[in-house]
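Please look over the sequence and the fold below before reading on.

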Amino acid sequence: MLKPLKDRVVIQMVEQEEKTAGGLFLPTAAQEKLQFATVLAVSEFTEEKDRQVQVGDRVVFEKYTGTEVKLDGQEYIIVKEQDIIAIVQ
């Protein structure tokens with residue numbers, strides 16, 4: 001597992017539906033890249049009182065941010081906490 005440093009957060013993209021509500025399957029090129037992810041790890045260097053996200057939160061993050069990492073066949077994104085713009089409740 002990745003352990004983020006400083007003000008970083010490790011997130012993983014939420015799987016996107018490949019078909020519409022009407023049951024039509026979308027080709028990969030027609031699918032819009034979603035910005036929803038699940039928080040997997042939060043830096044322990046960020047003081048608890050300053051943290052706005054917790055492990056397990058479903059979040060929305062800025063579209064062109066973060067560093068993509070592939071580890072053990074899984075894809076992760078490491079972002080700054082400030083690049084997370086909302087928690088989905």
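Where does Arg51 lie? Arg51 is in the loop between β2 (36-42) and β3 (58-61); strands here are DSSP runs of E with at least two residues, numbered from the N terminus. This is a predicted model, in which local features need pLDDT of at least 70, side-chain atom pairs count only at pLDDT 80 or more, and totals for chains, interfaces and linings use all residues. Residues are numbered from 1 along each chain as its sequence is written, and side-chain values use heavy atoms, with hydrogens and water left out.

Leaving aside residues up to four places away in sequence, Arg51 touches Val42, Ser43, Glu44, Thr46 and Glu81 (contact means heavy atoms within 4.5 Å).

Now the sheet. Six strands form an open sheet in the order β4-β5-β1-β2-β3-β6, with antiparallel pairing; two strands pair if DSSP finds at least two bridges between them. At the edges are β4 (67-71) and β6 (84-88), each of which pairs on one side only. Strands of a sheet pair through backbone hydrogen bonds, either parallel or antiparallel. Within β5, Lys80 is the bridge partner of Arg8.

Another arginine sits against a ring: Arg58 lies over the face of Phe36, at 4.9 Å from the ring centre. For such a placement, CZ of Arg or NZ of Lys must be within 6 Å of the ring centre and within 35 degrees of the ring normal.

Methods
Helix = DSSP H or I, 4+ residues; strand = E, 2+ residues; numbered from the N terminus.
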